[in-house]
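Hi,

Here's the structure I promised to pass along.

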Amino acid sequence: PYTTLFRSIDLGMRSLYIKFQHPFFIGAIQIGTGILGPMFNIPFYTRLLEIAERDKDHLLEFFIVREWILGFSRMVVLGIAGAVIYFFGEISLGWFLLAAGLSSFAFRRF
């Protein structure tokens, strides 16, 4: 349950980049996200490997399809983010990052 809280804090801190672009501030947030990152990534990847081990016959296919889905999702999300920045300005992306943090916190059943 704490992993989603750490992910929400991480995304919230990253959304501050839009308002504060001083290199010292960005460096401080990078240190903070470096500390928070392992707190939410380790349980996620542990769970991912548990799912993969259940079906050992198709382990390679599982990871290949996972990377395809992640790549396609990144393309769609970054395209939408680019359109949002183009049409509404940089500050709107901060609101979307805040919404992503809140939704990450809301879906804590994983």
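One cut-off before the notes: a residue counts as exposed when its relative accessible area is over 50%, as buried when under 20%, and as partly exposed in between. Keep in mind that this is a predicted model.

Trp 68 sits in helix α3, which covers residues 59-88. Trp 68 also belongs to a nonpolar surface patch of about 550 Å², together with Leu 60, Ile 64, Val 65 and Ile 69.

Next, the aromatics. How many aromatic pairs are there? The count comes to 2. In one of them, Phe 20 and Phe 25 are 5.0 Å apart centre to centre with 55° between the planes, which makes the pair tilted. Phe 20 has a relative accessible area of 41%, so it is partly exposed, and Phe 25 is partly exposed as well, at 26%.

Tyr 86 and Phe 87 also pair up: their ring centres are 5.0 Å apart and the planes stand at 80°, so this pair is edge-to-face. Tyr 86 is exposed because its relative accessibility is 68%, and Phe 87 is exposed at 61%.

Last, over to helix α1 (residues 2-15), where you'll find Ile 9. At a relative accessible area of 36%, Ile 9 is partly exposed. From C-alpha to C-alpha, Ile 9 lies 8.8 Å from Thr 33, with the two 24 residues apart in sequence.

Cheers

Definitions and conventions
Residues are numbered from 1 along each chain as its sequence is written. This is a predicted model: local features need pLDDT of at least 70, side-chain atom pairs count only at pLDDT 80 or more; totals for chains, interfaces and linings use all residues. Side-chain values use heavy atoms; hydrogens and water are left out. Helices (H or I, at least four residues) and strands (E, at least two) are DSSP runs, numbered from the N terminus. Buried means under 20% relative accessible area, exposed over 50%, partly exposed in between (1.4 Å probe, protein chains only). Patches are made of residues with over 30% relative accessible area and no salt bridge: like charges are joined within 9 Å, nonpolar side chains (Val, Leu, Ile, Met, Phe, Trp, Tyr) within 5 Å. Accessible areas come from the Shrake-Rupley method with a 1.4 Å probe; for residues, only the protein chains shown count as cover. A salt bridge is a side-chain nitrogen of Lys or Arg within 4 Å of a carboxyl oxygen of Asp or Glu. Rings of Phe, Tyr and Trp (its six-membered ring) pair if their centres lie within 6.5 Å; planes under 30 degrees apart count as stacked, over 60 as edge-to-face and the rest as tilted.
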